[in-house]
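Please read the briefing below alongside the sequence and the coordinates. It groups its points by topic.

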Amino acid sequence: MMDDVTIRVLILTRPEVFKYFGGEAVQIRETSKALAKLGVSVDVSTDLRPDCSPYDVVHLFNLTMVAETYVQARHAWKQGKPLVLSPIYCTWDEFERLGRRGFLRWINRLLPSVEARQRLKAFAKAFLAENHSAHWLQFVKGYRREQKEILRMVDVILPNCRCEAEAIEREFGRHGAEIQVVPNGVDPLWVEEVSPTPFVDRYGLHDFVLCVGRIDERKNQVALIKALADTGIRLVFIGGLSPRHNAYNREFLELVSRYSNVHYLGQLDHKMVLSAMKAARVHALPSWLETPGLTSLEAGLLGCRIVTTDRGGPPEYFGEMAWYCQPNDLASIRRAVLAAWEAEETPPLREHILANFTWDHAARMTLEGYRKALEKRGFGPSACAGRTLRKDRRETP
């Protein structure tokens with residue numbers, strides 16, 4: 001293959017990813033570190049139009065929030081670069097209809113079509129967000145059109161699960177790109193070092209239901225409180241308040257103050273979060289959609305029983321080793337959490353995660369995606385050996 005040549009990769013993503021540092025930022029950071037161990041040279045940029053000439057492959061992120069992705073893809077494609085896409089794609093329709101609060105719920109009822117909602121958002125972001133030119137372009141060009149053009153430009157798509165790939169095929173039809181499923185992962189090196197003691201000593205909490213994640217509508221923490229409020233089970237939340245969900249934040253904080261068994265600890269450093277997972281019995285994430293939730297993987301690795309949404313990727317990751325709930329049904333959330341809480345045996349989830357869902361494993365599969373993209377453009381082993389890997393090639397998408 002191409003092991004004798006260093007592949008040079010430019011990862012492109014939007015600035016917002018690192019401002020709020022959620023799962024997408026973790027995926028970029030950890031995949032980059034693991035790729036470096038395989039000898040891949042990786043740079044990360046949030047520029048809309050960077051110089052791609054030093055790179056062999058351009059790796060794009062996000063087919064859902066697509067305004068910046070489209071500009072970056074078009075720019076890299078014009079420079080003749082093989083393009084790989086981690087789509088982090090999900091269908092938001094159910095969440096938009098049932099999970100939104102306040103002004104956004106009203107907007108979703110007024111504008112039921114995805115295209116109309118996204119054009120309105122693009123118009124607003126053209127005045128308020130960074131990279132306003134990208135949002136103006138999306139307002140003019142159209143949300144779905146940009147998504148379809150990205151899919152025609154890219155050579156390889158790296159979804160986090162099969163259901164993500166199926167959703168893209170279902171909604172956009174044939175696109176010509178190859179598919180290489182690359183699951184999310186965890187870093188197993190710290191597992192043996194994690195102790196519940198730091199968390200227990202600081203907060204006096206042990207044996208509880210934990211929910212780690214940014215406090216926002218999609219993560220559905222309010223429903224978790226309502227489902228468990230009268231059980232007497234201690235419920236602990238860790239995560240920052242989303243700046244975009246003020247009405248939801250107010251409802252969440254009011255419920256926290258109302259029930260003595262509910263504790264909100266705010267944003268904690270990663271070491272303390274891991275200690276909290278070690279001290280918890282159950283980790284619950286009844287989100288409207290996940291693929292599958294990095295905190296669920298970490299919690300499962302540290303011995304928590306996992307309750308998660310039945311929407312999206314979690315069933316592919318956890319199989320029968322987790323308990324599933326419907327995010328729009330409080331009774332379903334309650335049943336799943338209580339079943340996990342009362343279970344006599346812990347499923348062999350830790351071994352399953354170590355065998356299938358580490359960042360090293362994800363990096364190897366990502367590298368295979370890069371190789372497929374290079375070979376698709378005609379850069380085979382002989383071309384690599386001659387170091388013509390960075391020769392620009394223009395093709396019509």
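Is Lys226 buried, partly exposed or exposed, and with what relative accessible area? Lys226 is partly exposed, with a relative accessible area of 42%, where buried means under 20% relative accessible area, exposed over 50% and partly exposed in between (1.4 Å probe, protein chains only). This is a predicted model, in which local features need pLDDT of at least 70 and side-chain atom pairs count only at pLDDT 80 or more, while totals for chains, interfaces and linings use all residues. Residues are numbered from 1 along each chain as its sequence is written, and side-chain values use heavy atoms, with hydrogens and water left out.

**Confidence**
- The protein chain averages a pLDDT of 89, and 90% of the residues score at least 70, pLDDT being the predictor's confidence in each residue, from 0 to 100.
- Over residues 381–396 the pLDDT is below 50, although this stretch has 37 contacts in the model beyond near neighbours in sequence, a contact being heavy atoms within 4.5 Å.
- Where pLDDT is low, the predicted coordinates should not be read in detail.

- Seven of the eight residues of helix α11 (residues 221–228) are buried, with helices (H or I, at least four residues) and strands (E, at least two) taken as DSSP runs numbered from the N terminus.
- The cover over the buried residues of α11 includes β7 (209–212), β8 (235–238) and α12 (246–258).
- Lys226 in α11 and Glu251 in α12 are 25 residues apart, and they form a salt bridge whose closest N and O atoms are 3.3 Å apart; the term denotes a side-chain nitrogen of Lys or Arg within 4 Å of a carboxyl oxygen of Asp or Glu.

**Other salt bridges**
- By this rule the count comes to 19 salt bridges, and one of them joins Asp360 to Lys37, with the closest N and O atoms 3.0 Å apart.
- Because Asp360 lies in helix α18 and Lys37 in helix α2 (residues 23–37), this pair ties together parts that are 323 residues apart in sequence.
- Glu254 and Arg258 also meet in a salt bridge (2.7 Å, N to O), and, being four residues apart in helix α12, they are separated by about one helical turn.

**Nonpolar cores**
- The largest nonpolar core has 61 residues, a core being a set of buried Ala, Val, Leu, Ile, Met, Phe, Trp, Tyr and Cys residues joined through side-chain atoms within 4.5 Å.
- Its largest share, eight residues, comes from helix α18 (residues 359–376).
- A second, separate core of 28 residues includes Cys211, Leu228, Val282 and Ala284.
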